[in-house]
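Me: I would like to go through this structure with you. May I start with the sheets and then move on to other topics?

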There are 2 protein chains.
Amino acid sequence: MKIEAVRGGICAVKGVRAYGLKEGNKGLALIEGKGIAVGMFTLNKIKAAPVRFTEQQLENGGGRLSAIIANSGGANSFTGDKGMKNAEKMAELVSASLGVRKAEVAVASTGHIGKQLDMELIERQLGEVVKGLTAEETGSTAAAKAIMTTDTFLKEQAVSINQNDEGDGVAIGGIAKGSGMIFPHLNTATMLCFIYTDASLGAEALRMSLKDAIDNSFNMVVVDGDMSTNDLVLLVSTGKGGEISEEDFKAGLNVVCTELAKQMAQDGEGATKFIAVRVKRAASVEDAREIARAIVRSPLVKCAIFGERLDLTCGRIIATIGSCTTVGEVDPGVISINVKSDKEKEVLAVDKGAFVDLSGVARGILNGKELLIEVDMDVGDVEATAWGCDLTYDYVRINVA
Amino acid sequence: MKIEAVRGGICAVKGVRAYGLKEGNKGLALIEGKGIAVGMFTLNKIKAAPVRFTEQQLENGGGRLSAIIANSGGANSFTGDKGMKNAEKMAELVSASLGVRKAEVAVASTGHIGKQLDMELIERQLGEVVKGLTAEETGSTAAAKAIMTTDTFLKEQAVSINQNDEGDGVAIGGIAKGSGMIFPHLNTATMLCFIYTDASLGAEALRMSLKDAIDNSFNMVVVDGDMSTNDLVLLVSTGKGGEISEEDFKAGLNVVCTELAKQMAQDGEGATKFIAVRVKRAASVEDAREIARAIVRSPLVKCAIFGERLDLTCGRIIATIGSCTTVGEVDPGVISINVKSDKEKEVLAVDKGAFVDLSGVARGILNGKELLIEVDMDVGDVEATAWGCDLTYDYVRINVA
């Protein structure tokens with residue numbers, strides 16, 4: 001079995017057409033692709049209208065989707081009954097335009113909370129987007145661009161999975177948006193992400209694979225610790241590709257989700273550095289995940305990394321490890337911290353409970369754009385990785401407006 | 001019963017002498033005052049040496065303290081066996097200087113993590129501080145200044161509690177430090193805080209009163225969501241004052257702790273605005289506290305307030321309310337948000353689930369230095385208040401170094 005990154009995003013998948021456009025901060029994306037669909041939705045107790053609507057659609061529409069419509073520039077969240085009517089109206093418009101069942105249209109929104117959508121604009125934009133629908137890779141790109149908000153680059157990823165060299169395998173492709181308000185909780189989705197595959201799998205296999213992949217990817221990305229009312233991940237299987245085992249599909253889906261998750265961390269609002277924190281030799285996967293996430297979440301750690309201060313970074317990592325309340329006993333005397341950078345070679349900064357004297361070296365190692373911080377807990381044999389970014393003046397600048 | 005704010009900090013309490021000095025970022029404070037003592041300590045699993053040492057002292061010393069020594073400029077945290085020896089050495093030095101039992105000396109430290117203390121400096125500073133010990137209010141002030149780190153002003157508060165007009169009551173006085181790395185957890189202490197009283201109360205009454213006061217005060221302050229390895233609150237009763245009921249003592253202690261907590265929020269690193277969030281009509285006190293704390297913790301809410309954007313602030317408050325995982329059902333249709341400022345009159349920004357159209361007003365109301373944000377959940381009859389500050393460029397500037 002061979003998993004390879006390929007071009008094309010969601011349009012790498014047989015049976016998928018997409019397009020999108022953006023005017024100012026208001027964009028619209030449309031994806032057409034029929035099949036069995038599963039979704040994961042924000043655990044926020046205040047769910048935006050499109051999230052509630054799409055959850056209902058998947059329940060009432062028999063777990064199938066024919067199209068997804070997503071707008072940026074308005075979250076349609078905290079918008080009362082009118083918000084629900086507008087989400088339904090978006091599905092109706094798609095149903096009429098594409099001749100698909102209204103019950104098989106998913107709706108997603110992103111943007112500011114509390115304002116009603118501009119339905120006239122959405123209707124006009126939809127008319128144009130429908131005309132542009134294409135199975136070429138430009139369709140995926142246009143859709144990915146249309147849903148960007150504070151994102152500085154579009155996020156898409158596709159892989160092909162082949163059992164042999166004849167190339168008659170399956171594809172998995174996804175697009176996503178998200179660079180702020182990102183702090184997924186376990187078992188929930190995060191940001192907007194639409195994934196298609198031509199693998200022919202049942203709803204239960206899709207659901208289990210998606211949950212697994214999200215736990216290892218989107219749930220391990222932290223930008224600022226806030227949780228959106230609009231987070232949503234959809235996975236649709238068109239079934240037009242070859243046969244694949246559930247295990248191989250999972251492996252491929254993990255790659256797509258992990259790459260998209262890393263792209264989100266790299267595009268963290270105001271970020272100058274991409275940080276991967278790998279917690280090794282933890283007592284359990286839950287411990288490893290909580291510690292890794294807590295470290296990339298800590299504002300003090302993130303500021304110290306922005307300031308390229310290794311001593312402060314390590315001190316604050318230690319404090320953060322200890323503050324993980326659900327983690328079992330922590331033995332500070334055995335913890336080690338190793339830092340790798342894309343610019344310098346690696347440095348062992350903390351060696352079994354003691355800070356290493358790094359006079360002179362201390363500053364250089366954090367000077368890179370990509371950092372891998374390895375925390376060795378030395379109490380077990382499990383590891384987990386979380387991704388995040390530094391906390392900079394630009395994070396504040398972006399979020400004051 | 002009358003509770004009045006009085007001058008003098010810890011030196012407002014009969015039987016207390018204090019002094020301190022600061023050289024560069026290295027300070028030393030010494031407080032002398034004999035009596036029954038209780039403490040609350042950080043729940044961080046990696047506890048600094050002075051925290052572990054002082055916990056042991058209270059256990060082994062029969063629950064009495066004669067003196068507290070506290071240094072700034074070094075946390076003595078993650079410092080291994082040598083760190084514990086240095087904490088003990090600090091107690092020994094005080095024991096020899098003041099002629100008190102070593103077992104009755106508490107030790108506290110604050111500063112960067114991972115470095116050993118400069119014991120020669122501490123010994124020399126102690127010699128000078130002992131000479132300066134005084135029962136005058138200048139003693140409290142000098143001690144409060146000595147333990148400051150990134151604090152921009154010293155924190156002290158005292159009250160007198162009188163049963164009648166004859167003034168023969170009791171006093172409670174405290175000093176504290178803390179402006180960053182502040183995010184206390186329930187049932188734990190936060191930052192450094194030393195409180196004295198001349199009220200004559202037993203250890204159990206002191207312990208219950210302190211736990212109660214901390215839940216309503218320090219545990220409701222959030223600056224950045226990080227949790228220190230060095231947090232510690234000590235309460236010592238000299239017993240030299242008049243009689244008081246436990247209930248009246250609790251009321252007075254609540255005032256002292258709440259005022260010190262608010263001073264910490266006002267001095268939040270880089271803060272330009274002091275924010276109080278009062279969650280009203282919640283279903284339970286736990287819900288009210290969690291929601292209030294989550295709102296003052298959210299980086300996005302804090303940035304929006306720094307940017308004085310009322311619409312964004314309210315939208316992000318809504319998202320934050322929904323993200324409180326331990327809170328029961330939330331009904332977005334009944335939530336209201338009212339904002340009061342020291343500069344403008346109040347504004348109802350969200351009215352029973354809908355954003356109020358505030359064109360023109362929106363910016364002005366957040367223009368003040370002190371904001372009270374009232375969130376009306378309309379599901380019960382319980383309230384709680386949390387205190388915090390905005391997230392600014394200066395927070396980043398302070399913490400990169």
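Me: What is the strand order in the open sheet of chain A?
Reply: First, please note that this is a predicted model. In chain A the order is β13-β12-β11-β14-β10-β15, an open sheet of 6 strands with mixed pairing.

Me: Which strands are at the edges there?
Reply: The edge strands of that sheet are β13 and β15 (382-389) of chain A, each of which pairs on one side only.

Me: In which sense do β10 and β15 of chain A pair, parallel or antiparallel?
Reply: Strand β10 (residues 274-282) of chain A and β15(A) are antiparallel, and 7 bridges join them. Within this pair, Val279(A) stands opposite Ala384(A) of β15(A).

Me: And what is the strand order in the open sheet of chain B?
Reply: Chain B has an open sheet of 6 strands in the order β13-β12-β11-β14-β10-β15, with mixed pairing. Its edge strands are β13 (354-355) and β15 (382-389) of chain B.

Me: How many bridges link β12 and β13 of chain B?
Reply: There are 2 bridges between β12 (residues 347-351) of chain B and β13(B), and the pairing is antiparallel. Val350(B) stands opposite Phe355(B) in β13(B).

Me: Which helices pack on that sheet?
Reply: Helix α6 (residues 246-266) of chain B packs on the sheet and touches β10 (274-282) and β15 of chain B, with its direction at about 40 degrees to that of β15(B). Helix α7 (residues 285-297) of chain B also packs on the sheet, where it touches β10, β14 (370-376) and β15 of chain B. The direction of α7(B) makes about 20 degrees with that of β15(B).

Me: Changing topic: how many residues does each chain put into the contact between A and B?
Reply: Chain A contributes 49 residues and chain B contributes 50 residues.

Me: Which element of chain A gives the most to that side?
Reply: That is α9(A), with 9 residues on the side of chain A that touches chain B. The residues of this side comprise 25 nonpolar, 19 polar and 5 charged.

Me: Is α9(A) itself mostly covered or uncovered?
Reply: Helix α9(A) is mostly covered, with 12 of its 13 residues buried. Among the buried residues are Leu310(A), Cys314(A), Arg316(A) and Gly322(A). The cover over these buried residues includes α7 (285-297), α8, β11 (336-341), β12 (347-351), β13 and β14 (370-376) of chain A.

Me: How far does α9(A) reach from its first C-alpha to its last?
Reply: The helix reaches 19 Å, close to the 18 Å expected at 1.5 Å a residue.

Me: Now chain B. Why does Gly322(B) count as buried?
Reply: Gly322(B) counts as buried because it has 26 C-beta neighbours inside 10 Å, and the cut-off is 20 or more. This residue lies in helix α9 (residues 310-322) of chain B.

Me: What does Gly322(B) contact, leaving aside its neighbours within four places in sequence?
Reply: Gly322(B) is in contact with Asn44(A), Lys45(A), Ile46(A), Thr229(A) and Val330(B).

Me: What share of chain A counts as buried?
Reply: Of its 401 residues, 60% count as buried.

Note on methods
Residues numbered from 1 in each chain as written. Chains lettered and ligands numbered in written order. Predicted model: local features only at pLDDT ≥ 70, side-chain atom pairs only at ≥ 80, totals over all residues. Helix = DSSP H or I, 4+ residues; strand = E, 2+ residues; numbered from the N terminus. Contact = placed C-beta atoms within 7 Å. Nonpolar A, V, L, I, M, F, W, Y, C, P; charged D, E, K, R; others polar. Expected span 1.5 Å × (residues − 1). Pairing = 2+ DSSP bridges. Axes fitted to C-alpha atoms, helices over the stretch in contact; angles between N-to-C directions.
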